[in-house]
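Work through the exercises below with the sequence and the 3D structure open. Each task is followed by a solution in steps.

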Amino acid sequence: MAHAARILLYFLFAGIGLTLIASGLMWWFESSRRLARALNTALGKTADAVVYDLGGQKAAGLDFTAGDLAIMWKTGAQGLVFAFDEIEGAELIVDERVVARAQKGESRKVLNETHAQASNVTLRLMFNDVETPEFEVNLFGDVSHNPVHAQTAAEAVRIGRKWLSHIDAVIKRMPVDDRSPYPEDAGKAAEPVRKPAPQVNARPSFNDLPPWEDTTENMAEDDDTHDTYNDEKR
């Protein structure tokens, strides 16, 4: 009887251990944690701002210090990192309609409504890249109880508006040509810098004139040399 009870206890402890291990693995490989680890690895630090799309297994993260934006898909298995100067803009799409936008060379389209009754909210990021010009993150639409996801359309719109503000600030902080101290000259093209012409050596290292075109001075020098030679011979 005691032996049977001991065996039951072994099975009980083994079951508890396996349950704990399985729970730990499920926690470690949960989608949002895998995406967060991938973002942190790509950026080299913890992202300053993160947005998730667990249904699409996507995420995007901003690093304000280094000036990078990382995007991940396939639960972090693939991704890209863009410098701030490669960001073209962002759009907030509610029910397939662009309700707000921040883009280079254009004035920002401000969001005026909360869209609390929307059924789908998407953030579209745009880049100056041929292979990946756009990256969409679905903020609301799929049912999710994960706290990293917005639970209402209004919350999703608020998250999207915040990211538009980030992108707008990124676009505005891009360096400009400020070589001219006067604002009215900011749009003028800078004059090309002209290099000085190379100086020609005024005293050539050799005489390229033929013997029959020697000058009188050269002939005088030859006469002096001839006289010196005759004096030494005497």
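**Exercise 1: helix α2**

Task: compare the reach of helix α2 with its expected span.

Solution. Helix α2 covers residues 31-43, which is 13 residues. From its first C-alpha to its last it reaches 18 Å, close to the 18 Å expected at 1.5 Å a residue. The expected span is 1.5 Å times one less than the number of residues. Helices (H or I, at least four residues) and strands (E, at least two) are DSSP runs, numbered from the N terminus.

The model is predicted: local features need pLDDT of at least 70, side-chain atom pairs count only at pLDDT 80 or more, and totals for chains, interfaces and linings use all residues. Residues are numbered from 1 along each chain as its sequence is written, and side-chain values use heavy atoms, with hydrogens and water left out.

**Exercise 2: the buried side**

Task: list the buried residues of α2 and state what covers them.

Solution. Buried means under 20% relative accessible area (1.4 Å probe, protein chains only). In α2 this applies to Ser32, Leu35, Ala38, Leu39 and Leu43. They lie on the same side of α2 because they cover an arc of only 125 degrees around the axis, taken from the directions from the helix axis to the C-beta atoms. Their cover includes β1 (49-53), β2 (58-63) and β3 (68-73). Just after α2, glycine 44 has a positive phi of about 80 degrees.

**Exercise 3: the whole chain**

Solution. The protein chain has four helices and eight strands. Of the 234 residues in the protein chain, 29% are buried.

Notes
Buried < 20%, exposed > 50% of the residue type's maximum accessible area, 1.4 Å probe, protein only. Contact = heavy atoms within 4.5 Å.
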